[in-house]
Amino acid sequence: MEFRPYMHVGRLIDDPETYGMLEENDYFVIQPKIDGCNGVIWWDSERQAMRMGNRNKEITMNDINEDTPHSVVSFRSYVYTCEELQKVAKELFPDCYIYGEWLVQNHIDYYAPSAWNKFYIFDVWDPKKEE
């Protein structure tokens, strides 16, 4: 399975790309915005490996160096040490892309201390069903 970025999400009101996007009786979810770092994880059953990426690309060990932002290093560490998250990817959603926000303190500090350093899942995409 290759990396798959999350779709661009525009504003419904004043973005020409989204005008007319919703139709009557469409199903959609409204959820709070979490201001963290966009991330994706997936269990690749072909490789028998947990994989991960940020908004733009897959993150491998070759991408980690002294210039790598703390948010990327901490997200990678969390993904590969959190057994519960690995179990979700491997057993509940194998070969599916699990998108979320990695909430790590960058420029904002208005979240409760207990909210930091967690991955908040907001979407799952199954390539076999294309949904």
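**Entry 1: aspartate 95**

I began with a side-chain pair: aspartate 95 and serine 45 are joined by a polar contact of 2.4 Å. I take a polar contact as a pair of N or O atoms within 3.5 Å; within protein, one must be able to donate a hydrogen and the other to accept it, and residues adjacent in sequence count only if both atoms are side-chain atoms. The model is predicted, so I note that local features need pLDDT of at least 70 and side-chain atom pairs count only at pLDDT 80 or more, while totals for chains, interfaces and linings use all residues. Residues are numbered from 1 along each chain as its sequence is written, and side-chain values use heavy atoms, with hydrogens and water left out.

I located aspartate 95 in the loop between H2 and strand E3 (97–103); helices (H or I, at least four residues) and strands (E, at least two) are DSSP runs, numbered from the N terminus. Is aspartate 95 buried or exposed? Its relative accessibility is 12%, so I record it as buried (under 20% relative accessible area; exposed is over 50%, partly exposed in between, with a 1.4 Å probe and protein chains only). Leaving aside neighbours within four places in sequence, I list Met1, Trp43, Asp44, Ser45, Pro127 and Lys128 in contact with aspartate 95 (heavy atoms within 4.5 Å).

**Entry 2: the sheet**

I traced an open sheet of 4 strands, ordered E2-E1-E3-E4 with antiparallel pairing; two strands pair if DSSP finds at least two bridges between them. Strand E2 (49–54) and strand E4 (118–125) are at the edges with a single partner strand each, so one side of each lacks a neighbour in the sheet. From one strand to the next, the twist averages 30°.

Strand E1 (residues 37–44) is joined to E3 by 5 bridges and to E2 by 6 bridges. I found valine 40 opposite tyrosine 99 in E3 and opposite glycine 53 in E2. In the hairpin of E1 and E2, with 4 residues between the strands, glutamine 48 has a positive phi near 55°.

**Entry 3: the helices**

I looked up the packing of helix H1 (residues 70–81) on helix H2 (residues 83–92): the angle is about 70° and the axes are 6 Å apart. Axes are lines fitted to C-alpha atoms, for helices over the stretch in contact, and angles run from 0 to 180 degrees between N-to-C directions. H1 is therefore roughly perpendicular to H2 (65 to 115 degrees; under 35 is roughly parallel, over 145 roughly antiparallel and the rest oblique). Tyr78, Val79, Tyr80 and Thr81 in H1 meet Glu83, Leu85 and Gln86 in H2.
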